[in-house]
Amino acid sequence: MIDGSAMKFAHLHVHSNFSFLDGGSSIADLVRTAAAHGADAMALTDHDNVCGAVDFHRVAQEYGIKPIQGAELTLVGGRHLVLLADGPGGYENLCRLLTEGHAGGERGKPRLEHHYLENFSDGLFALSGCRRGDVSTMILRGDERGARRCIDFYREIFADRFLLEIQPAFLPGDRELHRVIRRLGKEMGVEVVATNNVHYADKAGFPMHDLLTCIRNRITLYEVARERPLNAENYLKSPRTMCRYFRSFPAAVENAARIAAACDPALQLGERRHPSVDLPPGITPEEQLRRRAYGGARRRYGTVDARVQKRLEHELSVIFQMGYAEYFLLVEDVVRFAREKGIRHAGRGSAADSVVAYCLGITDVDALERGLLFERFMSPERGERPDIDIDFDARWRDEVSAYVFAKYGREHVAGVATFQTFRARSAVRQFGQAMGYDVDELDRLAKRLPAGSDAADCRELVRNLPECVNEEGEGWERYEKLFAVVARVAEFPRHIGTHLGGLVISDRPLQEITPLQRSAKGIMISQFDKDGVEDLGLLKLDLLSLRTLSVVDDAVRNIQGRDPGFSCSGVPMDDEATFSMIRRGETLGVFQLESPAQRALQSRLGAEELEDLICSVALIRPGPVQGNMVEPFIARRRGEESVTHIHPALEPILEKTYGVVLFQEQVIEIAVQVAGFSPGEADRLRRAMSRNRPGEEMERLGCLFVSKARRRGVAEGAARKIFSYVSGYASYGFCEAHAAAFGALAYETAYLICHYPAEYFAAILSHQPMGYYPASTVANEARRRGVSVLPPDINQSYEDFVPEDNGRSIRTSLSRVRGMDGGSLREILHRRPFSSFSEYLRETTVRRDTTERLILCGAFSSLHCNRRALLWRLTASGRDLRGEVGQVTDFTATEKAQWERKILSMDVREHIMSFMRSDLARRGIIPAASVQEVSGGSRIRSAGIPVRPHRPPTKSGRTVVFLSLEDETGLVDVTVFPRTYAEYGHLIFSDVSSPLVIEGRVERRGEGVSIIADRMEVLSG
């Protein structure tokens, strides 16, 4: 039947955790177990996907096991069929069938029509599947005639490559099922094959698989369901065990081995599959790129002098050598499209290390002027694909994406997948419910865990975070079993998602290389993530969306309403008012500079030029903070500490960062200038160190660095000291090219805030949620700067926030009203203006609850000032609406403010804390603005709404909480050290963000002022 040398046994029906809630082991665990059993080959057959194929290929080869790629397809009617690719050709057909299956069913519920099998059967083995396969289902129903029809159907398509599966499931009816399968196979000339429908590596994996099954079916461990496995037999049994169980079916075991022998690895990793670009007749991609680069250089520099030419030729030679001329032309084409459409965009990341990218208009960072190293971006010695990231105005990113789809064809373009893993909160809720814990208590526990925290850290978090102690003051000991479970699934893929900006483009139809499936947004996405598609040789284009670009674009349009000639290109880069604002730490809303840590840095740093902002972007990161880089940098920048260099070669490299190693490019340059590494070798060194290698590996790298440096005349002691600096910083160094791109945008947004606050804050509010702070804090900052925030108005508000009164106020948008749907909003805008509330009721069909919220937040105040009376009119809508409303007492000012905050999730006109100010003053509680005037060391009490409490990494490694208190006068930053945090953490991270009274000591650093808290309480009354 099948040619090839027989193996003892090979598992051909195996599910990993990429079967998404139906596989209890990782690919690595499965392959490792198979290798321990002495297996020579193994198949991977996850449900309706090959998401794990690349990982499986690599891990299997590492363990000396032949990877056989397959999948268990779901057919119409919910029936299963296992398909195995005998090599690359069979894999192509498998991908096509999986794509058809996902196209034919609901999203997330693929269903393949049987007739597609006839078109794409070449190169595939078909196994009849588990008890949910067509043949077994018919037999278990007693429908032998139906089973024969199914066998005939599959045999007609796959010929002798269709086999009947038998599995040692130890389930009721197994013996009879096997007996009938063997008899039908013999009578109809179809071979039988032994499999085990594996879902976990060993028996110990059964409880996890059972739990995942419960989650998938939304039941608990205490409920009976037909989907739940009845025993722990679906593990990766050893060949000896399988042979022993099927001793009465020796041919079935032999057939498993023979199929494995007949199959070759399906993937061809590393083969380049890049698309072609449009070129003038007779011109090669390399010639076209040179033309475009030099043309751009003349536009950028005016003339191409020897320095520019030398750099361009160096970069072009590397690009040509590595075969990426078409990639650069493709990216330039996309950027050109955006520019012609007026879509704001900006290149970022290491691509800004390239002068070619600068000349092509891909980035606005001049790598030549900044002295940036091209090798950080591309290096033949490293041999990796260049990665060009471009940010687009978030509103139009999809239009750019649509251009790429239209240009290269939908068969050749798709989105890139991501695999969402379990995070702490979701894992606690889902596994806890399945394990039968109280749902309400699980919810309280989950809310106390930091957002985005790793599932593996649950146990440590609940032990160490004060807010995780429950209301009775008890710990969570009874949840130990739950914490152990969620730690095991921390890296398990939960479901497939869509990369925020990645598109994959191929020279061949993509469904020959990767299955495609529909995303939540409706576009087709690959079943591989960004690493997988690159391993498959596909070109990935990163078209990212950045809301800040949307904000800048809207702000500029708002400004042009009263200053038609305004353009960001005309913004002076040395505006003293802007830098003065930054030095005061008034950077709320400034891109990359608005966090409390950045505001504190700016109030101490004394920024005077763009270079300071670029360094700031790189400086406030976990690594520099933990590595104690911040304080030396500030001291040297302010002239309070002298700048010294261990070796003269370091001076030109570290001059702009005051002797501190801050950027990744500096690490490369130090290795080149001090130790004589080639640029490519130096970048490999940086990358090796950035992976935090263990001591032995780091020592080997250090010896290499020192020996090479000594040969260049550097003293051993100096060489070792330099390497200690480099190795210490390399693991968290920031890419200077990326920082330069972001630093320029940071200055641009700061300038707009400084000179056009109404226009800029209106734009920020229109694009919420975004940035570091919620809309309520942004609106408060606008008021602090003298810009009034007006309530929504049924006749004057629009879909977005808009500046009014020549930049002195901002009108709240109608879309900000909670529950406002698009249809109602469009109807209001189309039907207005309304001369009365009665006319509004007659002319619109807006839902009553939406109208009620419009009343309560003041949207009808220009038509009728009494909100309570309008509510009465609304409830009396069945009566004569033309009559006058009787005397109804309106809400108080405080009640109106409370309703506005509830409905709009922000304050308008006045901050909610302003209504408490007189009482707070009597209690000696001072506003945030007054804290700025208090001398350092003084004890004070202040009150406000806690904003963005967080626990960033610290130099000491201790858990310190940073937050801001917000009142009507602005923000004051608060630091909570471990002892105070232990006592009051439950107030800081409460489910309800109640105003807090904080008592503590004032700390002054530069122009920055904060409170070191030692007591706090919920503000009452």
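## Cores and a buried strand

Start with Leu541: setting aside neighbours within four places in sequence, its contacts are Tyr327, Leu330, Val331, Val334, Val404, Gly501, Gly502, Leu503 and Ile505. Keep in mind that this is a predicted model.

Leu541 also belongs to the largest nonpolar core, which has 144 residues, and is listed there with Phe328, Val404 and Leu854 as having the most contacts inside it. Helix 33 (residues 736-755) gives this core its largest share, 12 residues. Another core lies apart from it and has 72 residues, including Ala10, Leu83, Ala252 and Leu510.

Now for strand 5. How many of the residues in strand 5 (residues 162-166) are buried? The count is 5 of 5, so the strand is mostly covered, given that buried means under 20% relative accessible area. Side chains in a regular strand alternate between the two faces of the sheet. Here, Phe162, Leu164 and Ile166 point one way, while Leu163 and Glu165 point the other way. Glu165 is buried along with the rest of them.

| Strand paired with strand 5 | Bridges | Direction |
|---|---|---|
| Strand 4 (residues 124-127) | 2 | parallel |
| Strand 6 (residues 192-194) | 3 | parallel |

To get from strand 5 to strand 6, the chain passes through helix 7 (residues 174-188), making a right-handed β-α-β crossover.

Conventions. Residues numbered from 1 in each chain as written. Predicted model: local features only at pLDDT ≥ 70, side-chain atom pairs only at ≥ 80, totals over all residues. Heavy atoms only, no water. Core = buried A, V, L, I, M, F, W, Y, C linked by side-chain atoms within 4.5 Å. Buried < 20%, exposed > 50% of the residue type's maximum accessible area, 1.4 Å probe, protein only. Helix = DSSP H or I, 4+ residues; strand = E, 2+ residues; numbered from the N terminus. Contact = heavy atoms within 4.5 Å. Pairing = 2+ DSSP bridges. Right-handed = clockwise from strand over helix to strand, strands pointing away.
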